[in-house]
There are 2 protein chains.
Amino acid sequence: MSGTLELLRIRLAEVSDVSRAAGVLGWDQRVAMPPRGTEARADQLATLGRIAHERFTDDEVGRLLEQLAPLEESLPYASDDASLIRVTRRDWEKARRVPSELRERMTRAAARGHHAWVEARRASDFASFLPYLRENVELKREYVECFEWSDSPYTPLLDDYEPGMETTEVREVFAVLRPALTDLVARAPEVDAAFLHGDFPPDAQRAFAERVLSTLGLEDGAWRLDPTAHPFCTSFSNRDVRLTTRYRPDDLESIWSTLHEAGHGLYAHGIDDALQRTPLGGAPSLGVNESQSRTWENLVGRSRPFWEHWYGPLQETFPALADVELDAFVRAINRAEPGLIRVDADETSYSLHIILRFELEQELIEGTVALEDLPEIWNARMQEFLGVDVPDDGHGVLQDVHWSGGGIGYFPTYALGNVISLQLWRVVREALPDLDAQLAVGELLPLSDWLRDNLYAHGRKLTPKETIERLTGSQTIDPAPYLAYLADKVDGLGTA
Amino acid sequence: MSGTLELLRIRLAEVSDVSRAAGVLGWDQRVAMPPRGTEARADQLATLGRIAHERFTDDEVGRLLEQLAPLEESLPYASDDASLIRVTRRDWEKARRVPSELRERMTRAAARGHHAWVEARRASDFASFLPYLRENVELKREYVECFEWSDSPYTPLLDDYEPGMETTEVREVFAVLRPALTDLVARAPEVDAAFLHGDFPPDAQRAFAERVLSTLGLEDGAWRLDPTAHPFCTSFSNRDVRLTTRYRPDDLESIWSTLHEAGHGLYAHGIDDALQRTPLGGAPSLGVNESQSRTWENLVGRSRPFWEHWYGPLQETFPALADVELDAFVRAINRAEPGLIRVDADETSYSLHIILRFELEQELIEGTVALEDLPEIWNARMQEFLGVDVPDDGHGVLQDVHWSGGGIGYFPTYALGNVISLQLWRVVREALPDLDAQLAVGELLPLSDWLRDNLYAHGRKLTPKETIERLTGSQTIDPAPYLAYLADKVDGLGTA
């Protein structure tokens, strides 16, 4: 039996190596590649993707999994080996349900859609994007037909990013969030943040970001930080973590962008050695992964204790802040101001942008709205949710890349990440009663180590809900801690 | 028949994509990768290498080649399609002769050997490296047994880097070169080059290098230049060329290092679109490729006309050169000074370092010297060839990385490149009678375009000797132009 498991591991290591190699090509494409390398790079990525898919979905993997069923049953559920067999089987069965020709049509439609979207957004011309969006949506409808679902055809799409999560559950969570967030945004006071726009030289931002990063628990020689247009994090092993960020010379957003990506990076860095080169060497879901980027960006990076330590160094780095008090700075970075653009949204209004997209995605897949009505519905809901008027589709329905490439079902993971981050944060606070005092003297390792040992190290062994249960005692996705946290934040903004 | 050719092309494109992807991982490893990524990267590269090898050496490729024999015979020899079938068959038959298990033993021995060499060189301890070198040499002897040869068991090793070249031919060329070069080095006058050591800020070196590079014919958006410890050039398509160089703050060697790599880069950049994603998308051999790096580094980059244009900008960039006359500068960069280290050798003495290694490699493979005698023989020949005393093995037999990783047969390509560069340069001069005048005003495109159209564009369609014949009318590797060029150089050093 151990021989069979070893054969499975060899195959999975090969698939992982090819996927990680594709990851290197993707990082290079976004960080280093000369622009004219695009065409050849697309070929190389398509070939690696096809090889990884073929090797993984092979009949042989199914035979090995079948032979390993008795071993799996004899082992504890959360053991490395039982988890490997269980998660591999789930992934394999899901991947096998989709015919190659459908997969290829989706890939081609996504490439065309992305291309059309770039132009459409630039021109704020939804009509020119419509046929490509239609093709992508129709292919997604074909895709969900490969699966069974009980509540909504949207569930198989959601399951690609949040394994085991159903549309109904997310809908219930968002039904609580939506009115509460709209109310919070409406009642948030105006806060002076003019000093956050000024002269902040990118080199100094970079030096500050690297200084903060060196305290988070990322080991020396196991990561790097590069500038890019659209920040992301990727990793090629738990000891080769690539963070990216964006420096704008007139604001300090790179700080939170870097902390956000560092959260993803700490996750990848913390996954056990034993799970490397297997399907378990990742996070349980995008939402759980995002809960950690949000933890480091917001729960840590916008907290007063964190800045009690770091505000002095920040003021030394940027003389423009010399006369700004710590309290004023902390209020400014926690302000709530409804806006048009998701990626520029503050912490309080952010999830409202997501809920709007989640609703529209379901309606598109369930066929209850017509595609050509999207801009109108978008604009109406932006007014309803956030009280803002959308001037044009470039600042509205065309603003995000996701739908253009067929990424439907992805958006809700952002808001779920926010919700989950606070559920886990309650557990963290109980485990680390001195956390605020530690943050206030720049000691981030107790937090980082706890999260690594209790969450990151376990990789993808458990589903998102099993992960939440292991830490909180319940599988429920509970929005209450998140709403309480935001209410505290908003109510605190008025105090001087 | 065209359907069969298309099937072959699809397979070869896949193999090329995987190999190019491995190239991206290799570039990243040397330019960007955090040091702790090493172990996972080795796994990823081994997996990609195995997949490319398996897909290429597959029986199916042989069947397709067999079916394509009639098509090949019906087409002109140098046509794209006939060349594709011919070169693929040659590569396939060669690759199939080596059992996988031998290949894997060689790979593992190379990794161990490299590791041992790093330590041995640091400690200048040949004895500690000896067992690893022995293992690598013995595996190479096993490797050559997979092939047939007529003159020397060294020929199959040489053929890996110089397809179609026999040991005897190289021996004859080097028999002419050796005494002539020793004589030239001995009679070269001393030249003042003290001003080439000074304060040359790396940022300024980089700016100057990029300024020169932008005039060579590398199209915008199709290349980049990065710093690295051991400069190299790689490419992932003809429109994604990666140059690297090394900046030392106290000399200007980065100029010639950059021009050298740019020669390789221009080759890769000039290969026809039609040959991309096939085995023809490279240079005919390492020697022919090296002829072009040497052309740009030396024949262009150390020529007086080139510096008539560029010396003014160089002086503006580096005030330390303000009082140095152009003539003095050109003499200094063309001086001949025998030394211990190959990679630091001047143009005149360089090939003597190579001939020494070529002789030893043959003797090792033919079994006519004992491995433990290598340091002694090395030191004696350094005295005989170059008149220098080797103080320790770190500055002698242990200085190069090649043998540690089983790279036996590679060295002669460096000297062949020098010889070939001058054979082709004669043709260039006939074709471009105004070349010196063009160089003197910074016009490098006529040269670059000619080399692209007449050499680079043809990729690997012809063998090295066929390539030389196409351009010079004869397959002979003729050292006379190279010796005449060096004699002119050395004799010119004495004139003020």
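Q: What makes S1(A) and strand S3 (residues 240-245) of chain A paired strands?
A: In this predicted model, 5 bridges join S1(A) to S3(A), and the two strands run parallel. Pairing requires at least two bridges between two strands, so S1(A) and S3(A) count as paired. Within S3(A), Leu243(A) is the bridge partner of Leu225(A).

Q: Why are S1 (223-227) and S2 (233-237) of chain A placed at the edges of their sheet?
A: The open sheet of chain A has 3 strands in the order S1-S3-S2, with mixed pairing. S1(A) and S2(A) each have a single partner strand, so one side of each is left without a neighbour in the sheet. Neighbouring strands of this sheet are turned by 20 degrees against each other on average, direction ignored.

Q: Which helices pack on the sheet of chain A?
A: Helix H1 (residues 2-31) of chain A lies across S1, S2 and S3 of chain A and runs at about 140 degrees to S2(A). Helix H2 (residues 38-57) of chain B also packs on the sheet, where it touches S2 and S3 of chain A. The direction of H2(B) makes about 75 degrees with that of S2(A).

Q: How do you know which strands of the chain B sheet are its edges?
A: The sheet in chain B is open, with 3 strands in the order S1-S3-S2 and mixed pairing. Strand S1 (223-227) and strand S2 (233-237) of chain B each pair on one side only, and these are the edge strands. S1(B) is joined by 5 bridges to strand S3 (residues 240-245) of chain B, and the two run parallel. In S3(B), Thr244(B) is the bridge partner of Asp226(B). Helix H2 (residues 38-57) of chain A packs on this sheet, touching S2 and S3 of chain B, with its direction at about 75 degrees to that of S2(B). Helix H1 (residues 2-31) of chain B packs on the sheet as well, touching S1, S2 and S3 of chain B, with its direction at about 140 degrees to that of S2(B).

Q: What makes the relation of chain A to chain B that of a two-fold axis?
A: Chain A is superposed on chain B by a rotation of 180 degrees with 0.0 Å of shift along its axis, at an RMSD of 0.0 Å. That is the relation of a two-fold axis.

Q: How do you know through which surface the copies meet?
A: Of the interface residues of chain A, 100% are also interface residues in chain B, so the copies meet through the same surface.

Q: Why is H5(A) called roughly antiparallel to H6(A)?
A: The axes of helix H5 (residues 100-123) and helix H6 (residues 126-144) of chain A come within 9 Å and cross at roughly 155 degrees. Angles over 145 degrees count as roughly antiparallel, which makes H5(A) roughly antiparallel to H6(A). The crossing is left-handed. Among the residues that make the contact are Met106(A), Ala109(A) and Trp117(A) of H5(A), and Phe129(A), Tyr132(A) and Leu139(A) of H6(A). By class, this contact has 11 nonpolar, 3 polar and 5 charged residues.

Q: Which residues make the contact of H12(A) with H13(A)?
A: The axes of helix H12 (residues 304-317) and helix H13 (residues 326-333) of chain A come within 10 Å and cross at roughly 115 degrees. The crossing is right-handed. The contact includes Trp307(A), Tyr311(A) and Leu314(A) of H12(A), together with Phe329(A), Val330(A) and Ile333(A) of H13(A). The residues of this contact divide into 7 nonpolar, no polar and 3 charged.

Notes:
Residues are numbered from 1 along each chain as its sequence is written. Chains are lettered from A and ligands numbered from 1 in the order in which they are written. This is a predicted model: local features need pLDDT of at least 70, side-chain atom pairs count only at pLDDT 80 or more; totals for chains, interfaces and linings use all residues. Side-chain values use heavy atoms; hydrogens and water are left out. Axes are lines fitted to C-alpha atoms, for helices over the stretch in contact, and angles run from 0 to 180 degrees between N-to-C directions. Helices (H or I, at least four residues) and strands (E, at least two) are DSSP runs, numbered from the N terminus. Angles under 35 degrees count as roughly parallel, over 145 as roughly antiparallel, 65 to 115 as roughly perpendicular and the rest as oblique. A crossing is left-handed if the near helix is turned anticlockwise from the far one by less than a right angle, and right-handed if clockwise. Contact means heavy atoms within 4.5 Å. Ala, Val, Leu, Ile, Met, Phe, Trp, Tyr, Cys and Pro count as nonpolar, Asp, Glu, Lys and Arg as charged, and the others, Gly among them, as polar. Copies are superposed by least squares on the C-alpha atoms of residues with pLDDT of at least 70 in both.
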